[in-house]
Amino acid sequence: MDIRYLFRHQLRSVIEWKEQSTDILFHRLETSTDEIKNSSKLIVAPGQGCLLVYDGKVKATLTEPDTYELKTANHPFITTLLNLAQNMESEHKMRFYFFRTAELVNVLWGTATPVKYMEPHYNIPVALGACGNFSVKIDDAAIMFSTLLGTVSDYTASDVRELVSSRIVAPLTSFLAEKAYPYTEVDKHLLELSADLQTRTTEELQRLGLILTDFRIDSVTFDDETLTRIGRIADMTAEKQAANEVDLDYAGVQKLAALRDAVRTEGGLAGAGMQIGAGVQLAKEFFNTNNNNNTTAPVNETTTTTPDASSRLKQLKQLFEEELITEEEYNKKKNEILGSL
């Protein structure tokens, strides 16, 4: 053994965590030797705590800023000489795990996988993701060391973010399944959702020695498949409402849209020279109002099922604006309707 090494490790040490990083929650301090000599000094600064592990056991948790004198079975030279058979190595080891006593604030989080539930308004399954921020502090360093850390040298904000995110999915799924908020109302309940998740997640983290001091959901997002599905439903609903405005049913609007696309598409009805004829035929379908078991009957303007003139004029105007009948056809039919008044 180098004689300089031997003498250097017989001296008492002054232990302190000088370079405390802002994103580290727990840190094992590396010292020149684990054979800390008796009466060495430990400095705990404000905002810090220190867990002393001696002979493989947690001996003390120090949280008050102060200078502490350490008691060990290692004495300068004597202990080393008494352990010649062990290559002059003492079995009495002391390790120092420093931790932050202040809060770790504004840690960002997000759900790793979408949370699924049945949306009550559209009655379809949806997938939702959430993100936000939280603040956390160590509640019991000894419990955290024994249940979560073990031999880990550093436990950082990234590690606690991963831990919290993994614990959120289950209570979030349960909450949404119970409340079943409509798609359009989820944002109104973010405060309620945040409070519930903080309560449920805090219970789990306290078992690991941590405590959530603040928890917030900033936003929720639905996956692309859900947005596409809801978009299609919304478009169909809008078309149905538009149809009611012009006294057409939804099926009638779909017929108009299909015929419009056909006559405007190259090779469609327009290419075949069928635009006028198709428009006339469609007009007949709309103005023929005697229906019996889906069978078209001749038009009888004296029957009670004939639509009033106002409705017929609206329907005729719809056909003309969709370019399914010509102006000449439109004027002719309009005059017929007005003449029947």
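Predicted model: local features only at pLDDT ≥ 70, side-chain atom pairs only at ≥ 80, totals over all residues.
Local features were considered at pLDDT of at least 70 and side-chain atom pairs only at pLDDT 80 or more, whereas totals for chains, interfaces and linings use all residues. Residues are numbered from 1 along each chain as its sequence is written, and side-chain values use heavy atoms, with hydrogens and water left out.

Helices (H or I, at least four residues) and strands (E, at least two) are DSSP runs numbered from the N terminus. Two strands are taken to pair if DSSP finds at least two bridges between them. An open sheet of 5 strands shows antiparallel pairing in the order 5-4-7-2-11. Strand 5 (57–62) and strand 11 (154–156) are its edge strands, each pairing on one side only. On average, and with direction ignored, neighbouring strands of this sheet are turned by 20° against each other. Angles run from 0 to 180 degrees between N-to-C directions, and axes are lines fitted to C-alpha atoms, for helices over the stretch in contact. Within the sheet, 7 bridges pair strand 4 (residues 48–54) with strand 7 (residues 94–100) in the antiparallel sense. Opposite Gly49 stands Phe99 in strand 7. Helix 3 (residues 141–149) packs on this sheet and touches strand 2 (24–29), strand 4, strand 5, strand 7 and strand 11; the direction of helix 3 makes about 80° with that of strand 2. Contact here means heavy atoms within 4.5 Å.

A further open sheet has 3 strands in the order 1-3-6, with mixed pairing. Strand 1 (14–16) and strand 6 (66–69) have a single partner strand each, so one side of each is left without a neighbour in the sheet. Strand 3 (residues 41–44) and strand 6 run antiparallel and are joined by 4 bridges. Lys41 has Glu69 of strand 6 as its bridge partner. Tyr68 also lies in strand 6. Beyond its neighbours within four places in sequence, Tyr68 is in contact with Ser40, Lys41, Leu42, Val44 and Leu62. The C-alpha atoms of Tyr68 and Ser39 are 9.1 Å apart, at a separation of 29 residues in sequence.

Helix 4 (residues 157–179) packs against helix 5 (residues 190–206) at an angle of about 130°, with the axes 9 Å apart. That makes helix 4 oblique to helix 5. Angles under 35 degrees count as roughly parallel, over 145 as roughly antiparallel, 65 to 115 as roughly perpendicular and the rest as oblique. Residues making the contact include Leu163, Ile168 and Phe175 of helix 4 and Leu193, Leu197 and Arg200 of helix 5. By class, the contact has 9 nonpolar, 2 polar and 7 charged residues. Ala, Val, Leu, Ile, Met, Phe, Trp, Tyr, Cys and Pro count as nonpolar, Asp, Glu, Lys and Arg as charged, and the others, Gly among them, as polar.

The axes of helix 9 (residues 309–321) and helix 10 (residues 327–339) come within 10 Å and cross at roughly 180°. These two helices are therefore roughly antiparallel to each other. The contact of helix 9 with helix 10 has 7 nonpolar, no polar and 5 charged residues, among them Leu316 and Phe320 of helix 9 and Tyr330 and Ile337 of helix 10.

Rings of Phe, Tyr and Trp (its six-membered ring) pair if their centres lie within 6.5 Å; planes under 30 degrees apart count as stacked, over 60 as edge-to-face and the rest as tilted. The count comes to 7 aromatic pairs. The ring centres of Trp109 and Phe215 are 5.2 Å apart and the planes stand at 20°, so this pair is stacked. Trp109 lies in strand 8 (residues 104–110) and Phe215 in strand 12 (residues 210–222), so the pair ties together parts that are 106 residues apart in sequence.
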